[in-house]
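Thanks for coming. I have one structure to walk through, and I will keep it short. Please have a look at the screen first.

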Amino acid sequence: MAERNDLQQLDETYMRQALELASAAAARGEVPVGAIVICNEIGSDGQTEGLRDSPPRGRIVARSGNLKESEADPLGHAEIRVLREAAQKLGRWRLTGCTLYVTLEPCVMCAGAIVQSRVDRVVYGATDPKAGAVESLYEILKDSRLNHQPEVTAGVLAKECAEVLSSFFSARRTAKRDEKIHAQRTKQKPSTS
């Protein structure tokens, strides 16, 4: 039981860091999603400790927020960016011994990348009923037809993660409405020439 509480506390600590990245993404005008990859230290035998057997006590090897808009990159999702960065830093594409923390349930593209990277564990905050590929629309990470199924922990700081997203989209809707009202008012003003 104590080990489970330790893991829960660790998950919340890393998710709070992912939330900071999500907030930074929102400040850049990006959909506020943040992601972190941690990896257990490599032992003297060259192997990483299996995360399924013990709480992750590794180090952060990659962190990112969405950069889809800023970089005009359809692959600019936070998850893709951190998986790529982690692989480059570790010098291997197999991210065994690693955990991915992300503030929003991964989409189909990101779930596919997670399977391909062989991440041991995925921890996410808010569910995504419109595009989620872990439990909402699809269950890609549980699909036994695929060659890898990571352990999944859902709902870590879900309320906080969902709030960052809903605040962002609410502000975006308000800005669009204000722009529309301003455009209508400008159009209706009589010419003074």
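Start with the charges: Asp11, Arg121 and Glu151 are linked in a network of salt bridges. By salt bridge I mean a side-chain nitrogen of Lys or Arg within 4 Å of a carboxyl oxygen of Asp or Glu.

Two housekeeping points. This is a predicted model, where local features need pLDDT of at least 70, side-chain atom pairs count only at pLDDT 80 or more, and totals for chains, interfaces and linings use all residues. Residues are numbered from 1 along each chain as its sequence is written, and side-chain values use heavy atoms, with hydrogens and water left out.

The side chains of Glu151 and Arg121 meet at 3.4 Å, N to O. This pair links distant parts of the chain: Glu151 is in strand β5 (residues 151-154) and Arg121 in strand β4, 30 residues apart. Helices (H or I, at least four residues) and strands (E, at least two) are DSSP runs, numbered from the N terminus. Are the two partners buried or exposed? Arg121 is buried, with a relative accessible area of 1%. Glu151, at 26%, counts as partly exposed. The cut-offs: buried is under 20% relative accessible area, exposed is over 50%, and partly exposed is in between, with a 1.4 Å probe and protein chains only.

How many salt bridges does the rule give? The count comes to five. Helix α2 takes part in one of them through Arg81, which pairs with Glu71 at 3.3 Å, N to O. Glu71 sits in the loop between β2 and α2, ten residues from Arg81. Arg81 is partly exposed at 23%, and Glu71 is partly exposed at 43%. Then there is Glu85 with Lys89, at 2.9 Å, N to O. These two are four residues apart in helix α2, so about one helical turn separates them. Glu85 is partly exposed at 24%, while Lys89 is exposed at 56%.

Now the overall fold. The chain has four helices and five strands. From the N terminus, the order is α-β-β-α-β-α-β-β-α. Of the 193 residues, 41% are buried. Take contacts, meaning heavy atoms within 4.5 Å. Among those between residues at least 6 apart in sequence, 64% join residues at least 24 apart.

Ala72 has a positive phi of about 50° although it is not a glycine. Ala72 lies in the loop between β2 (59-65) and α2 (78-90), and at 68% it counts as exposed. Arg118 also has a positive phi, near 65°. Its loop runs between α3 (108-117) and β4 (121-126). Arg118 is buried, at 13% relative accessibility.

About 490 Å³ of space lies in the largest pocket. Of its 20 lining residues, the closest to the centre are Val31, Val33, Leu104, Asp128 and Phe169. Helix α4 (residues 158-188) gives the largest share of the lining, three residues. For the record, a pocket is an open set of points on a 1 Å grid over the protein atoms alone, where a 1.4 Å probe fits, with protein on both sides within 12 Å along at least five of seven lines; lining residues have an atom within 4 Å of a point. The volume is the space filled by probe spheres set on the points, which are joined across faces, edges and corners.

That's my tour. Over to you.
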